[in-house]
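User: I'm new to this one and would like a quick walk through it. Can we start with the strands?

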Amino acid sequence: MNDARSVSPENSAAGPSSPRPLTSAMAAEVERLLSGRTRDIHLAGELRRRFDERVWRQTSKIIRSWLTWVAFVDVLTLALNAILLPHDVALAMVAPACLLPPAAILTALLWRKPCPAAVQRASLLGGMCLILLSVALVGVFAGGEFYERHLTIMLFVATSAITIFSVPLAWTIAIACYALCLYFILQWFNPLVEAGSVIAGTLFFSCGIIATVVARRTMNILAQKTFLLDCRDQRRVAELADANARLERLARTDPLTGIANRRWMMETLEELWRSKGDAGVVAAMLMCDVDHFKALNDSLGHSEGDRCLVKVAGIIQSSVRADRDLVSRHGGEEFLIVLPGVEEEEAVAIAKRIRESVEAAALPNPSSAVGPSVTLSVGVAVKSARDPGVSLDNLQHEADMALYRAKQAGRNQVSIFRRPQRTAEQIAARR
């Protein structure tokens, strides 16, 4: 079910990267593959490339570990043969046995880092050919009982590699075919074995190796299915997180004007007061109210009233610092603005700019007692470093009082709340 394109793409990272979101086409392909039969799973294109990236590190480690141990066992066996076997037999084994360690080590080195698929395929298949040939020739050169024994060992080495190498199916089949052909050819020239026994032995071992290849194919398919399930789960988690984020934005945003709602504003201000403490907060609060807004709704209709609120909200936002100042719809036709780190003079200037900008927009309000267009009344309250006892509720109440005074004074104006100055006796008494 795997193809021979690559185990790891040429430019892939050596380790697993952070999950990347699936495109709509890839997500549809994932669902299609998972909805069908498991045995029909076949990855292609970008999904195949991502799967290769994911399994590269583990596959590379397994292959390098196997090759290292094969080289070590070969050297150890050669040393034991020199001790335990007759001198002439052990000497005959040296030349073919010396072929294995360099082939195994060179292949392991080539699999330390990702490289093009052609290089990976050539290195692994070439290395396996030399390793299997080395094991087989040790028996051929030694002769006698070692001839058939080492051919059987060669098939065992091939079977173990097929079992644990998670490589494309074409590579696995190539290793299996090479091992069986090598076994058959060398056994055919074995003077101690008859032709019938060669054919019977080859068929016997073919059944075992074919079963191993089928098992390896099933393992590869199951690994791809696990990858597809993970992809689907990651996409669903991402969609859920996105939906939660949208719900959170909706919960904190006024649906009409698109600016923050009262809940978000109060949560933010409470967090600001908690983090800095009453004494550490320096801020100005502006409470704005559209003059005679009920008259506008009654005369022009609620749709025009909604359009007016959207326009006013946009004017207010464009008049403040986008990266620092906070603007929210406080309810109905009221807007609350918080200016962190702003003293009285700057706060009044911003309030006047907002009021003048709304008036200059000339939004119609023919029923207003102030004039033919929409106007704004603004109340300003400021908490400076000299006012450590002013809480969030106090500041909001003072902004409300200032707005009330602006309305009482005729609307379309800015009013600032001024706290009474404490005398020296009052300050001393408080201390």
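User: Is strand β3 mostly buried or exposed, and why?
Analyst: This is a predicted model. In it, strand β3, residues 326-331, is largely enclosed by the rest of the structure, because 5 of its 6 residues are buried. Buried here means under 20% relative accessible area.

User: Which strand does β3 run antiparallel to?
Analyst: That is β4, residues 334-340, joined to β3 by 5 bridges. Within this pairing, Leu-326 stands opposite Val-338 in β4.

User: How many residues sit between the strands in that hairpin?
Analyst: The hairpin of β3 and β4 has 2 residues between its strands, and Gly-332 takes a positive phi near 60° there.

User: And what about β1 and β3, parallel or antiparallel?
Analyst: Parallel: strand β1, residues 260-261, is joined to β3 by 2 bridges. Ala-260 is the residue opposite Ser-328 in β3.

User: Switching topic. What are the domains, and how far apart are they?
Analyst: The domain assignment gives domain 1 as 24-233 and domain 2 as 262-418. Their C-alpha centres lie 76 Å apart.

User: Which residues are annotated as transmembrane region?
Analyst: The unreviewed UniProt entry annotates residues 66-84, 90-111, 123-147, 153-186 and 198-215 that way. In the model, the span 90-111 is 86% helix and 0% strand, with its end C-alpha atoms 32 Å apart. For residues 123-147 the figures are 92% helix, 0% strand and 28 Å between the end C-alpha atoms.

User: Where is Ser-134, then?
Analyst: Ser-134 is in helix α5, which covers residues 117-142.

User: Buried or exposed, and why?
Analyst: Ser-134 counts as buried because its relative accessibility is 0%.

User: What does its side chain reach?
Analyst: The Ser-134 side chain reaches the backbone nitrogen of Leu-100, at 3.5 Å. Leaving out residues up to four places away in sequence, Ser-134 touches Pro-96, Ala-97, Leu-99 and Leu-100.

User: How many residues are in the largest nonpolar core?
Analyst: It has 39 residues, and Trp-66, Leu-124, Met-128 and Phe-165 are among those with the most contacts inside it. Helices α2, α4, α5, α6, α7 and α8 each supply at least two residues of this core.

User: Which helix gives the most?
Analyst: Helix α7, with 9 residues.

User: What does Phe-165 touch?
Analyst: Not counting residues up to four places away in sequence, Phe-165 touches Ile-63, Trp-66, Leu-124, Met-128 and Arg-216.

User: How many residues does the second core have?
Analyst: The second core is separate and has 32 residues, including Ile-259, Leu-286, Val-290 and Ala-313.

Note on methods
Residues are numbered from 1 along each chain as its sequence is written. This is a predicted model: local features need pLDDT of at least 70, side-chain atom pairs count only at pLDDT 80 or more; totals for chains, interfaces and linings use all residues. Side-chain values use heavy atoms; hydrogens and water are left out. Helices (H or I, at least four residues) and strands (E, at least two) are DSSP runs, numbered from the N terminus. Buried means under 20% relative accessible area, exposed over 50%, partly exposed in between (1.4 Å probe, protein chains only). A polar contact is a pair of N or O atoms within 3.5 Å; within protein, one must be able to donate a hydrogen and the other to accept it, and residues adjacent in sequence count only if both atoms are side-chain atoms. Contact means heavy atoms within 4.5 Å. Two strands pair if DSSP finds at least two bridges between them. Domain bounds come from an automatic or database domain assignment. UniProt positions are given in the numbering used here, feature names are shortened, and annotations may be inferred rather than shown by experiment. A nonpolar core is a set of buried Ala, Val, Leu, Ile, Met, Phe, Trp, Tyr and Cys residues joined through side-chain atoms within 4.5 Å.
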